[in-house]
Amino acid sequence: MELNLGEVNEAVAAAVGDRECVVWGEKRFTWAEFAERSRRFANHLVGEGLGCHTERSELEGWESGQDHLALYLTNGNEYLEAMVGAYKARVAPFNVNYRYVAEELRYLLADARSTAIVYSGAFAQTLAEVRDDLPDLRVLIQVDDGSGAELLPGAVAYEDALAAASPERPAVEPSPDDLYILYTGGTTGMPKGVLWRQADIGVSALGLARDDGSEFESLDAVVEAATVGGMRFLPSPPFMHGAGHWIALRALHGGHTVVIQPNTATLDPDDVWSTVERERISFLLIVGDAFGQPLLDQLDRRRAEGRPYDLSSLAIILSGGAALSAPLKTRFLDHLPAVMVVDGVGSSEAGGQMSHVSTKDTGASTGTFTPAPGSVVLDDTMEKVLDAGHDGDGWLAKGGRIPLGYLGDERKSESTFPTVDGNRWSVPGDRARLRADGVIELLGRDSVTINSGGEKIFVEEVEAALRNHADVYDCVVCGRPSERWGSEVVAVVQLREGATPDPDALRATCEQHIARYKVPKAFVFQSAIVRSPAGKADYRWAKSVASGDEVASG
């Protein structure tokens, strides 16, 4: 079944209109209210002349025939309303990292060929710095976020735009071919816009498939499943990160309720757990250890104080966008023995690829996953699909419903989405091994792999080993030039408060979990690890730190 995301939203809203759809602090919107607000936003865009100007059948995979809307926002109901509303107007929204400085913002908005932007008032000044360099950017919609920022010249206030627009469905015919655009994080290179057909991303990552991976046969079947929804989802990471809005959209497509914690400016562990308790959350999304550590520390504090949170409603904790280490999974299961802790592996270029579930009964582990339908391992030359139990490692790949390409980049599109044995695959860049039992071992991202003395070392494996030491609060591993090894492994480490740097002890812990040639040759101790707001490691920063002077060698 080929589905358009805006059409799905309308159909589900018609069936569960009185159910809560989005909750953010004191704001509570029913499905009927959310659908109307997103239609009003859509009609504002249509009234500005935005929409689809060239149909998909006339374009190459790396081309777009639609107007593009930048979502320059922190989490809130406006983010989801604007995203879904844009789909209803046949405008393609895309995510903007709100931590970008002016130069980065200028690059992104130009690369995305933005004709419209909806932005939080707090970001108005940065946008003003680059606006004159973006002649195609002509529709500005400013959200009142309490910052007191004045409207930029030519901009309209978000609520004024909605109030003046029609609540009826826009006079356009959305298509399953309409675009979903996701910009990569840019932590290992320049951000790239990944182009998906909405019909494909819906199945691959946004919940328009059953739990067993089979596709719904009709829109009516989607609606029927949504009517028995009713779970309450808390996607705690920023929506500008794929994992954040993927889970929000999955919740919406399933007829569930999306809850947003009141403090969206930073990760506030008490705010997150208090929201879980108050709103009876059943599904919590986090991003790896960067979220897991502070959340667990808060649970430990409240337990020590004798006043634990009531988290009895919580059934699933999903880590998306970054792996959650086994020691932290164990701690979560100690606090919440009835919860399933799930690692979800996916990427901007492949959607959902595989998952791993840890429970109190099974115990906690990391690094091995059950593949989703279409996930395979290709050989080094990307010329064949490897059989289960193959020797060595290969490229993790996904077939079936995958992206069209990268916006404006034919060469990169062809290299990331090769055709093998007559089938087109997405190969985002992860190395993996398919075991004889059908389980996939994820080795790590090729772009940050270290070649030391002829040996290939995956930084994620070294990071996981380091996290077994009780003094390690966070860490990032990278390579730096070495006369002896060509490149040597360096660990940038944030210790727990009060811990003393002890490279020998860290090295000894690593040797219990990985081969000696993978153990860091040096350690750099930092007061904090730099990560994106979504918890992603910044490997460019790590390499610059690793080349500095604050190194304890061994």
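Two strands are taken as paired if DSSP finds at least two bridges between them. In the predicted model described here, this criterion gives an open sheet of 3 strands in the order β8-β9-β19, with antiparallel pairing. Strands β8 (179–183) and β19 (405–406) stand at the edges with a single partner strand each, so one side of each has no neighbour in the sheet.

The contact between β8 and β9 (residues 193–197) is antiparallel and runs over 5 bridges.

Strand β9 is largely enclosed by the rest of the structure, because 5 of its 5 residues are buried. In a regular strand the side chains alternate between the two faces of the sheet. Both faces of β9 are covered: Gly193, Leu195 and Arg197 are buried on one side, and Val194 and Trp196 are buried on the other.

Salt bridges were then examined, and the count comes to 45. One of them joins the side chains of Glu10 and Lys88, with an N to O distance of 2.7 Å. Glu10 belongs to helix α1 (residues 5–15) and Lys88 to helix α3 (residues 77–88), so this pair ties together parts that lie 78 residues apart in sequence. Both Glu10 and Lys88 are buried.

A further salt bridge is formed by Arg37 and Glu159, whose closest N and O atoms are 2.8 Å apart. This pair links distant parts of the chain, with Arg37 in helix α2 and Glu159 in helix α6 (residues 158–164), 122 residues apart. With the limit for burial at under 20% relative accessible area, Arg37 counts as buried at 15% relative accessibility. Glu159, by contrast, is partly exposed, with a relative accessible area of 40%.

The side chains of Arg531 and Asp474 also meet in a salt bridge, at 2.9 Å from N to O. Arg531 lies in the loop between β28 (522–525) and α16 (539–546), whereas Asp474 is in strand β26, so the pair ties together parts 57 residues apart in sequence. Asp474 counts as buried, its relative accessibility being 6%. Apart from such pairs, salt bridges with shared partners join Glu2, Asp177, Arg197, Asp200, Glu215 and Arg401 into one network.

Cys478 counts as buried because its relative accessibility is 2%. Between Cys478 and Arg431 the separation is 47 residues in sequence and 16 Å in space, C-alpha to C-alpha.

On the surface, Glu60, Glu63, Glu410 and Glu414 gather in a patch of negative charge. Of these residues, Glu63 is placed in the loop between α2 (31–47) and β3 (68–72). Glu63 counts as partly exposed, at 30% relative accessibility. Helix α2, at one end of that loop, is also the helix that holds Arg37 of the salt bridge to Glu159.

Note on methods. Residues are numbered from 1 along each chain as its sequence is written. This is a predicted model: local features need pLDDT of at least 70, side-chain atom pairs count only at pLDDT 80 or more; totals for chains, interfaces and linings use all residues. Side-chain values use heavy atoms; hydrogens and water are left out. Patches are made of residues with over 30% relative accessible area and no salt bridge: like charges are joined within 9 Å, nonpolar side chains (Val, Leu, Ile, Met, Phe, Trp, Tyr) within 5 Å. Accessible areas come from the Shrake-Rupley method with a 1.4 Å probe; for residues, only the protein chains shown count as cover. A salt bridge is a side-chain nitrogen of Lys or Arg within 4 Å of a carboxyl oxygen of Asp or Glu. Lys and Arg count as positive and Asp and Glu as negative; His and the chain ends are not counted. The place of a charge is taken as NZ of Lys, CZ of Arg, CG of Asp or CD of Glu. Helices (H or I, at least four residues) and strands (E, at least two) are DSSP runs, numbered from the N terminus. Buried means under 20% relative accessible area, exposed over 50%, partly exposed in between (1.4 Å probe, protein chains only).
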